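Reader: Hi! I'm new to looking at protein models. Could you walk me through this one?
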Amino acid sequence: MPIVVRIDVELAKRKMSVGEFAERVGLTPANVAVLKNGRAKAVRFSTLEAMCRVLNCQPGDLLEWVEDEGENR
């Protein structure tokens, strides 16, 4: 998957649990797990904004595009 989700890195930097993060963002822990594990098909901008507000970070700190090794240009 070319989009890598780095929520776990930002949570670890802040020593914040998934449960605390979920509560502060307004998501269920299960939905945070879906996002964290890269299984989400989409993320609402309002959710991304809430995550950035809670973690005091930029969207690029949470999401990174990496080229697929099999991708040909």
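Author: Happy to! This is a predicted model. Let's begin with threonine 47: leaving out residues up to four places away in sequence, it touches Val25 and Leu27.

Reader: Okay, and where is the place of threonine 47?
Author: Threonine 47 lies in helix H4.

Reader: Is threonine 47 buried or exposed?
Author: It counts as buried, because its relative accessibility is 16% and the cut-off for buried is under 20%.

Reader: Let's talk about the core. Which residues in the largest nonpolar core touch the most other members?
Author: Those are Ile7, Phe21, Met51, Leu55 and Leu62, out of 17 residues in that core. H1, H2, H3 and H4 each supply at least two residues of it, and H4 gives the most, with six.

Reader: Why would nonpolar side chains be together like that?
Author: In soluble globular proteins, nonpolar side chains tend to be buried together.

Reader: Nice. What is phenylalanine 21 in contact with?
Author: Setting aside neighbours within four places in sequence, phenylalanine 21 contacts Ile7, Leu11, Met16, Val32, Met51, Val54 and Leu55.

Reader: Switching to H1: which of its residues are buried?
Author: Ile7, Glu10 and Leu11 are the buried ones in H1. They are on the same side of H1, because they cover an arc of only 100° around the axis.

Reader: And what's exposed on the other side of H1?
Author: There you'll find Ala12 and Lys13.

Reader: What do the buried residues of H1 pack against?
Author: Their partners are strand S1 (3-5), H2, H3, H4 and H5.

Reader: What about the residue that follows H1?
Author: That's lysine 15, which has a positive phi, near 50°. Just after H4, asparagine 56 also takes a positive phi, of about 50°.

Reader: Last one: where is glutamine 58, and is it buried or exposed?
Author: Glutamine 58 sits in the loop between H4 and H5. It counts as exposed, because its relative accessibility is 55% and the cut-off for exposed is over 50%.

Reader: How far apart are glutamine 58 and leucine 48?
Author: Glutamine 58 and leucine 48 are 10 residues apart in sequence and 9.3 Å apart in space, going from C-alpha to C-alpha.

How values were computed. Residues are numbered from 1 along each chain as its sequence is written. This is a predicted model: local features need pLDDT of at least 70, side-chain atom pairs count only at pLDDT 80 or more; totals for chains, interfaces and linings use all residues. Side-chain values use heavy atoms; hydrogens and water are left out. Helices (H or I, at least four residues) and strands (E, at least two) are DSSP runs, numbered from the N terminus. A nonpolar core is a set of buried Ala, Val, Leu, Ile, Met, Phe, Trp, Tyr and Cys residues joined through side-chain atoms within 4.5 Å. Buried means under 20% relative accessible area, exposed over 50%, partly exposed in between (1.4 Å probe, protein chains only). Contact means heavy atoms within 4.5 Å. The arc is that of the directions from the helix axis to the C-beta atoms.
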